[in-house]
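Have the structure open as you read.

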Amino acid sequence: MPAHPVLGVIGRSGSGKTTLLEYVVQQLAARGLRVNLVKHSHHDLSLEPPQKDSARLRLAGAAEVLVASPYRYAIVHELRGAPEPTLAQQLARMGPADLTLVEGFKQDPIPKLEVFRVEVGQMPLYPHDLHVIAVASDSPAPDGLREGLVWLDLNACEDVLAWLLQWHTDRLAK
């Protein structure tokens, strides 16, 4: 794992993870923090049109294709039947950051913030995952929350951000 803090952001599909992350990343970047993000997908990724040179060369058999421009670069690595890299392996490939946020990788034993909305119609994850340290929800905290679990108002994104900044500061102090 990297030396800097890593926080997972988990929740059911449609709960608002990406919307919250978009706000948080924007606010952290505006404060001068370098934030990396790992986004897991269960779907095949199409990062380039199939007729582009990079896609053609990857499809021809290249194990890895790096596409570079004056604006950004991307590495496309074909697994070709190899196992999916672990979160730790993915994090090791990333550049330096002040904080890495991870959307997905629910099973990994990292500190997590769950985004939970009752109207999604699915059970929350936090009762069965002791790595969930905070829940951002649009519903009130239920009775009987385990000790130390923080309940945040998802509709007050600035409060979620304040909690995250404090959590980040606390991790750096350790």
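Which residues line the largest cavity? They are L7, V9, L20, L21, V24, L101, L113, V160 and L164. A cavity here is a set of points on a 1 Å grid over the protein atoms alone where a 1.4 Å probe fits but cannot get out, and lining residues have an atom within 4 Å of a point. By class, that lining has 9 nonpolar, no polar and no charged residues. α1 gives the most to it, with 3 residues.

This is a predicted model, so to speak in its own terms: local features need pLDDT of at least 70, side-chain atom pairs count only at pLDDT 80 or more, and totals for chains, interfaces and linings use all residues. Residues are numbered from 1 along each chain as its sequence is written, and side-chain values use heavy atoms, with hydrogens and water left out.

Now for the packing. A nonpolar core is a set of buried (under 20% relative accessible area, 1.4 Å probe, protein chains only) Ala, Val, Leu, Ile, Met, Phe, Trp, Tyr and Cys residues joined through side-chain atoms within 4.5 Å.

| Core | Size | Members include |
|---|---|---|
| Largest | 20 residues | L20, L113, W163 and L164 |
| Second, separate | 8 residues | L125, Y126, V132 and W151 |

The four named for the largest core have the most contacts inside it, and α4 gives the most to this core, with 5 residues. Leaving aside neighbours within four places in sequence, L113 is in contact (heavy atoms within 4.5 Å) with residues including L7, V9, L20, V160 and W163.

Technical notes: 1 Å grid on protein atoms, 1.4 Å probe; cavity = no way out; pocket = protein on both sides within 12 Å on 5 of 7 lines; lining within 4 Å. Helix = DSSP H or I, 4+ residues; strand = E, 2+ residues; numbered from the N terminus. Nonpolar A, V, L, I, M, F, W, Y, C, P; charged D, E, K, R; others polar. Buried < 20%, exposed > 50% of the residue type's maximum accessible area, 1.4 Å probe, protein only.
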